[in-house]
Every structure is written in structure tokens, then in C-alpha cells.
Amino acid sequence: MRIRLNASMIAVAAAAAVVGAAISASVTQSAGAPAPRAGDIAGRPNFSGIWQANNEAHWDVQAHAARPGAVMQPGVYPFEYAQVAAAPVVALGAAAGVPASLGIVEGDGEIPYTPEALAIKKQNAEHWIDRDPELKCYLPGIPRAMYMPYPFEITQSTNKIHMAYAFATTARTIHLDEVDPPPADTWMGHSVGRWEGNTLVVDVANFNDKTWFDRAGNFHSDALHLVERFTLATPDVIQYEVTIEDPKVFTRPWRISMPIYRRMEPNMQLLEYRCTEFAEEFLYGHIRNEPLVKRWEGETMIVDITRKVPPGDKFYEWFRK
Amino acid sequence: MRTRFFTVIAVAVVITAVAVTVNLRSAETSGAPRTAWGEPDLQGIWTNEFDTPLQRAARYGTREFFTEEERAELDKERIALLGRDRRVERGTELDVAGAYNSVFMSMKRTGRRTSLIVDPPDGRVPSMTSEATQRAAADRAFRLALLQATETCKNNSTACAGGKYDPTPSARRAEVVDRYNTGRMNRHNGPEDGSLADRCLSGGIPEFGTAYGGSFRRIVQTQRGVSIFYDVGQGQGFQRNIVMNGSPHLPARVRQWHGDSRGRWEGDTLVVDVTNFSAKTDFMGSRENLHLVERWTRTGPDSLEYAVTLEDPTVWTRPWTVIEEFTRQNDKENRIYYEPRCHEGNYGFPSLLLAARLADKAYADGRGPHPATHDNATDFVGVEENPLAR
């Protein structure tokens, strides 16, 4: 600390002078342009802040009726619409249901799967618990991370825009400047952005084939290519639109759109949801020396639900209170 | 280095001359580059390009910097180690488990500092409180008990230092440890027996780098906002968002793996106060009471100084301070592994647990040895000793 090379001091001073020149130059340049709005970053709308979607797309991006359970099994009727909650969630009662939604898929609301891909989607839905990467706390991918029921924080600078997601404490950087492609496929994609007027347009590619769109088994391949559009509808609402393209899975590009809302709490901050730890029992419970879940048959968890109601809380007792 | 500095001087003189004649406004800014909105600019990908041990070797006393000759000599010594393949305890299971040599380590040139620690003046971690010393000794004793029946202790390996061989497996194998386990132990009953690193949960602050894998951080700023993404520990990176609105720390009952970071500008320095660490974290014995005060200062176009004071009166007898000097990395090349996907590829940890269950079963069926007689916890024993740490 105390020993400083004179050379580096000069270099610092020189750099400061250059930056100073750059600042004053940009001020001069923008003199004829409309006055920047408060909070703008270098003349662009500022998306910085903590945001969260408020919809049901994380359950199923397509329109759907409410369902009694995230996992279901046949009830007394043979009809699909009369299924009941299955063992893994039945103890949670009405808290384990799936809320209805009009969906976020534009146009006719259909996802243009190839016939082969549609068959895989249906299998995915049937094997949700075993296949959904969210349950394992794997990186959620884009666009799913944008509408999971967890907040995310945007830090917007001039050459980079960083998005940090509470789920799995993951993140992505949107490069507005020149950047080399990643050395390997990614879970979260490689995001390169540009401005079209006041809209931030982000091209996302270099995905692997391991992430999903929702808990309903909607999926893609490693050929996924997204074009996201972020527009401030009001200072506290982002209109978010994505064109989704994947010739290995879809017959044509399709689009989703939704508003994403600013978290308005004055003390709002991004808190961790470091779920790696939370998924350990789910992933490794069967290889404990003394399993906490009473019945594992190999890797199959047999959930025997024993729910003893304590005295005073039995249904009729509660009803009389 | 010297040649580079002369070039820098030459270029700097020219630029300064041009800048001063063209633009008098530059006098308003102080030394550091600034963002478009006028705050000090700390942005970019930063790493420590040099190797500096955390603690200073006793022979350097209170001397903070090496001479250039010493650095050259140390580099010569260290480079010589690169080609060697020192193996210890040939023919033992450790020879396989510790099958890492210097090829697996990243080695950088010797830095100018004799230690990262600048305070206390001897460059050493201050002595621990008696309470912390006792805790550490109890923890060590437990881990040694789990190793006692193994070849590692039989062969007097350094991994068994302080313990002794006893062919009878310890009764302590049945113990539930009284503090949350963060390190690897020679028992694999379930995920909690694993180290945080094996569970892909090790990335944390303070982050001073290790010999394995890089230590990069990307800083992105906005007005009243600072985001720092860490690429550390081979895919165990993590995200910090510094709260800059002047509000107090989180309530004490809200604990986080990466603490609660609240920052402010003091002149050109970003000062970040970090508390609210989870009791599941462990930095050299310090857990939920760890308190950090970080000072991030841009010292030049490509240099950033990071100073952090660590305080935990339940562990150390006084606060101590570390300084790291980071060098800016090329933005276009973008050599930062910003996707922390250790967990997504973690087949090693479940394999370890599964192997332990198979060993349990083999023993129960009379087909295999008592699992406690095998050391499945020790690695890196055969690695070359780093002359910097000596």
C-alpha cells in the first residue's frame, strides 16, 4: 500500500483525464437530443431494480384449468378431468393444487411441437417429478428464470446488463458490447443485447437441451434460439416478449409475452434461494445409511403418508371451535 | 514488468498532455475512472494474476513486499516443481486417492506481497480465542477418530498428524457432530457428512482463491447498485447484490450463505459491510458471527485494490486485514465461467455415498472389510509443497 510506483500514479491520472474527456464529449454530443428522463442510463430506459412475474406460467405456459394437485392420480371416475391429488402432495391439501391460467403463449395458444416432440412433452408431464430440472435445483434456463415465482434483480450499466435470480442464486450477463461466444453450451444461454429505440432486444443462444419452460414438461433442444424484447410499459412494469425458435422441436417460431412487475416494497432486496441443499434429500435420500424417508425401493421413493392429527385439531374439533 | 511500466509512462505522458490541452473538465474528476452517471467505475472482470500466500512465512518478519530478486528466485523454484511427480506412500490407497500432482494445480507468478494479510504486521492470522481453539481441537479429534483404523494412520501419513493408529474402528463413528459439518470426514452416512465443496456448496466470501480453479469476479454497476458475480471453485460461483440504499442490515434471524452486503461510497471507495452469515458457512472457524468490512478501490485503468477486514471476537483475538490487487481481464474474451453448474454435474458425490452403502452391505454380508478401515476422505496428500507457503 504505502509503496506506490510513480508510473502507476501517472497512468491513473492519465486514465482519469481520458475518462473525463469522454464524459464531457458525450454531454456535448447529446446536447441536441431530447432531455434524458430521470434515472436513464446513458440515454436508455433503466431496467435496474428487483422484478418478478406474477402469473401461472411457471406451472404451465399454456392455458389450463385449475388442477387439484401438482401430481395427480386417477380418482373414482375414469375421466382425466376427475383425477385427484396423488401421494407426493396429498398431505398439503389445497396448498398443493395448480392455479388456472390463460397462458402466455401468443396467437392460438398452441406450442407448435413436431409430432415426435409432442409425444416427449406428454411423457415429460407424466414423469414430472423425475424429469423436471427445477426439482433438482438445476439452473432454470431462459426464459423460465424470468417467470419463476422468485424475484430477480437487474443491474443495468452501459456495456453490460446483469440479471441475478433468487432461484439457485444464478445469474446471466447481457452483453451490449462485443463479446466472444462461450466455449461450451450453457444452461442459462449466452445473451447478447442491443437497443431498438427504447426496447432492449436480447439474442440468446448456445443453450444445452436440459432446461424446460415450465412444470408441465414443455421442453426444447440445444438448437433453442430466443429473441427477448424488454420494454418499460410504465416505470414499474416491463413488457416482456420472447420469440422462441428451435427447429429440432418446433415446426415454426412461437411467442410468449407477459408483464413483469417491479417489487415495490421499500426494503426489497434479493435474498438467497440456494436450493442445492434443499434438493439433497430428494436426490440422495436413497443412499443414506439410515433413510429419512421410510421406504425406498432402490431409487424409487414409496411415500406412505401417515398424518396423525393431534388432539384438538381433528376436523370436527376444529369445526366446532 | 519494468518494461511494461516504462511503456505505460510513455503512453501516459502523451495522453495526459493531449487530455489536459483538450479538456479542462478532467480536473473535476479524481483519480479513478467514472461511470456515465459519475460514480467511481469498478466494472469489469477482475482476478489476482499473481500467487500470494494468505499468511507470511516467518522468515520475512514484518516485511510486506518481496524484492524483485526474491520473486525471480521463488518463481525459479516453483517452476522446477511443475515437472515433478512426487508420490508419497506408494502402494497405499492414498497413492490412488491422492493422485493429484502439480499438473492439477494452477500456478501463477509470485506476487509482490509476502502475504495477503497486511494486518497484523506479521502477516499472520491472529491467534484464536481459547474457545475457538478448543472447538477446533475437538473437531480435529473427531475426524482423527474416524481415520484411526485406516492405512493412513497406520502409515503415519501427515493426514493423520495428531492421531494414532488403532485397528479397532472408533465408537465415535455413531456420533452426530455437535456443529454443522462443513469439511470432509471419513464417514459417508449421508449428504451432511460431506464437505461443502463435495456438495457444491463451498463458494463463499471472503474469497481469496485456491490453488485449484480460478477466482474471478465480474462487477456490473448501475446508479446506486452494484452486482458482483463470482466464478470460483470449479463451478461453485455465486452472486452478490450489494444493497446501496443506506438501510440497516437484515434482521438477525435472516441468515444467508453469502451474508448480507450493504455498501456505500466513501470518496472513490466502495465500502461494503457484510454480516448475517449462515451458521452453515465456515471461514477458518468463523461462522454466523463473521463480520467483514470490504473496501473496493479502483487504482488504475486495469487495477483494483480489494481490502477486507475480518472480525469475529468468538474466533480471533483481534480483527485482521487482507489486501488483494486485482487485474482487469479482457471483456471481449469474457473468460469467466458465469454459470455455476457444479451441482448439475455432481455425479461424484452420490457415487461416494453409493459406494459407501455398497461397502456397508459387503461388510454386513461378510464379503468385505469393515468400512472404517478404508480412508475415503483424504486426497492431495502427495501434492508438492508450495515454496510460498513454507
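Biologist: How many helices and strands does the secondary structure of chain B come to?

Modeller: Helices (H or I, at least four residues) and strands (E, at least two) are DSSP runs, numbered from the N terminus, and by that reading chain B has six helices and 12 strands, while chain A has seven helices and 13 strands. Please keep in mind that this is a predicted model, in which local features need pLDDT of at least 70, side-chain atom pairs count only at pLDDT 80 or more, and totals for chains, interfaces and linings use all residues. Residues are numbered from 1 along each chain as its sequence is written, and chains are lettered from A and ligands numbered from 1 in the order in which they are written.

Biologist: What share of the residues of chain B count as buried?

Modeller: A residue is buried if 20 or more other C-beta atoms lie within 10 Å of its own, exposed if 12 or fewer, and partly exposed in between, with C-beta atoms placed from the backbone. On that basis 35% of the 390 residues of chain B are buried, and for chain A the figure is 34% of 321 residues.

Biologist: Which residues of α4(B) are buried, and what do they pack against?

Modeller: Helix α4 of chain B runs over residues 130-147, and its 18 residues reach 26 Å from the first C-alpha to the last, close to the 26 Å expected; the expected span is 1.5 Å times one less than the number of residues. The buried residues are B:R143, B:L144, B:A145, B:L146 and B:L147, and the buried residues of this helix pack against α5 (151-154) of chain B, where two residues are in contact if their C-beta atoms, placed from the backbone, lie within 7 Å.

Biologist: How should I read a strand, and how many residues of β6(B) are buried?

Modeller: In a regular strand the side chains alternate between the two faces of the sheet. In β6 (residues 225-232) of chain B, eight of its eight residues are buried, with B:G225, B:S227, B:F229 and B:D231 on one side and B:V226, B:I228, B:Y230 and B:V232 on the other.

Biologist: Which strands does β6(B) pair with?

Modeller: Strands of a sheet pair through backbone hydrogen bonds, either parallel or antiparallel, and two strands are taken as paired if DSSP finds at least two bridges between them. Strand β5 (residues 215-222) of chain B pairs with β6(B) in the antiparallel sense over eight bridges, with B:F216 opposite B:D231, and the two form a hairpin with two residues between them, where B:R224 in the turn has a positive phi of about 55 degrees. On the other pairing, five bridges join β6(B) to β7 (residues 238-242) of chain B, again antiparallel, and B:Q239 is the bridge partner of B:F229. That hairpin has five residues between the strands, and B:G233 takes a positive phi near 55 degrees.

Biologist: In what order do the strands of the barrel in chain A close?

Modeller: Nine strands of chain A close into a barrel in the order β1-β4-β5-β6-β7-β8-β9-β10-β11, with mixed pairing.

Biologist: Where is A:T169 found, and is this residue buried or exposed?

Modeller: A:T169 is found in the loop between β5 (160-165) and β6 (170-175) of chain A, and its phi is near 40 degrees, a positive value in a residue other than glycine. A:T169 counts as buried because it has 24 C-beta neighbours inside 10 Å.
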